[in-house]
Amino acid sequence: MSEKTKKIFLGLCVVVPFLIYCVYYYSAMVKNAPYRYSDFDHIEITYGFPDSMLNHFNSKTQEYDYLTKDNKLVEDSLKLRDNDLLYLHRKAQELGFWNLPDDMTVDLSKRPAGERKPRYKLTFAYKEKTKTVTFDPDYPGPDKMVEAGRTTIDEVVRMLATAKAR
């Protein structure tokens with residue numbers, strides 16, 4: 001056997017089994033991922049002040065209730081496209097929404113009197129799992145965690161505004 005043949009044989013003995021193992025291992029991981037878009041059911045967001053969270057959207061029922069600037073409650077229907085839902089799913093995945101704690105709220109008694117800040121409750125529902133996060137913008141947690149929650153909610157609200165404008 002020549003020197004070149006030995007190197008090729010050694011490379012094949014090491015590289016090919018490694019590649020087969022990688023494909024087997026990572027395909028199983030992707031297949032068993034906890035939040036897959038193929039299992040996606042709906043997004044639900046409720047927001048407003050903690051004592052009156054009247055703004056509500058559910059992508060499954062397409063119900064969209066919101067307060068106007070005149071404080072009138074409007075009950076409307078709003079359909080998000082599949083591309084919109086896929087975008088929101090990927091954005092939540094990218095920002096690490098699944099790793100956020102379920103309760104990111106502030107004790108209302110600790111806020112100064114008269115100060116009102118909105119509260120958001122965002123739910124991503126899948127066939128077998130559901131992730132719900134309740135979020136206050138002034139949550140005193142780690143900056144990355146607060147930013148991930150805020151950005152995910154901002155993207156959902158922006159997507160609702162975009163769909164409403166269509």
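1. Arg158 counts as partly exposed, because its relative accessibility is 39%, where partly exposed is the range between buried (under 20% relative accessible area) and exposed (over 50%), with a 1.4 Å probe and protein chains only. The side chain of Arg158 meets that of Glu155 in a salt bridge at 2.9 Å, N to O, a salt bridge being a side-chain nitrogen of Lys or Arg within 4 Å of a carboxyl oxygen of Asp or Glu. Both residues lie in helix α3, three residues apart, which is about one turn of the helix. Glu155 counts as buried, because its relative accessibility is 14%.

2. A word on the source of these values: this is a predicted model, in which local features need pLDDT of at least 70 and side-chain atom pairs count only at pLDDT 80 or more, while totals for chains, interfaces and linings use all residues. Residues are numbered from 1 along each chain as its sequence is written, and side-chain values use heavy atoms, with hydrogens and water left out. The helices (H or I, at least four residues) and strands (E, at least two) named here are DSSP runs, numbered from the N terminus.

3. In what order do the seven strands of the open sheet stand? The order is β4-β3-β2-β1-β6-β7-β5, and the pairing is mixed; two strands are said to pair if DSSP finds at least two bridges between them. The edges of this sheet are β4, residues 73–77, and β5, residues 103–104, each of which pairs on one side only.

4. β6 and β7 form a hairpin with three residues between them. Seven of the eight residues of β6 are buried, so that the strand is mostly covered.

5. Helix α2, residues 82–95, lies across β1 (40–49) and β6 (119–126), and runs at about 105 degrees to β6. That angle is taken between N-to-C directions, on a scale from 0 to 180 degrees, using axes that are lines fitted to C-alpha atoms, for helices over the stretch in contact; contact means heavy atoms within 4.5 Å.

6. How many salt bridges does the structure hold? There are seven, and one of them joins the side chains of Lys60 and Asp41 at 3.3 Å, N to O. Lys60 lies in the loop between β2 and β3 and Asp41 in strand β1, so this pair ties together parts that are 19 residues apart in sequence. Lys60 counts as exposed, because its relative accessibility is 53%, and Asp41 counts as partly exposed, because its relative accessible area is 34%.

7. Another salt bridge is formed by the side chains of Asp136 and Arg119, at 2.8 Å, N to O. Asp136 lies in the loop between β7 and α3 (143–165) and Arg119 in strand β6, so the pair ties together parts that are 17 residues apart in sequence.

8. Most residues other than glycine have a negative phi. Gln62, in the loop between β2 (52–58) and β3, is not a glycine and yet has a positive phi of about 60 degrees; it is partly exposed, with a relative accessible area of 24%. Asn71, in the loop between β3 and β4, has a positive phi near 65 degrees and is likewise a residue other than glycine; Asn71 is exposed, with a relative accessible area of 63%.

9. Finally, Leu10, Val14, Val15, Phe18 and Leu19 form a nonpolar patch on the surface, with about 500 Å² of accessible area together. Patches are made of residues with over 30% relative accessible area and no salt bridge, with like charges joined within 9 Å and nonpolar side chains (Val, Leu, Ile, Met, Phe, Trp, Tyr) within 5 Å, and accessible areas come from the Shrake-Rupley method with a 1.4 Å probe, only the protein chains shown counting as cover for residues. Val15 lies in helix α1, residues 3–31, and counts as partly exposed, because its relative accessibility is 44%.
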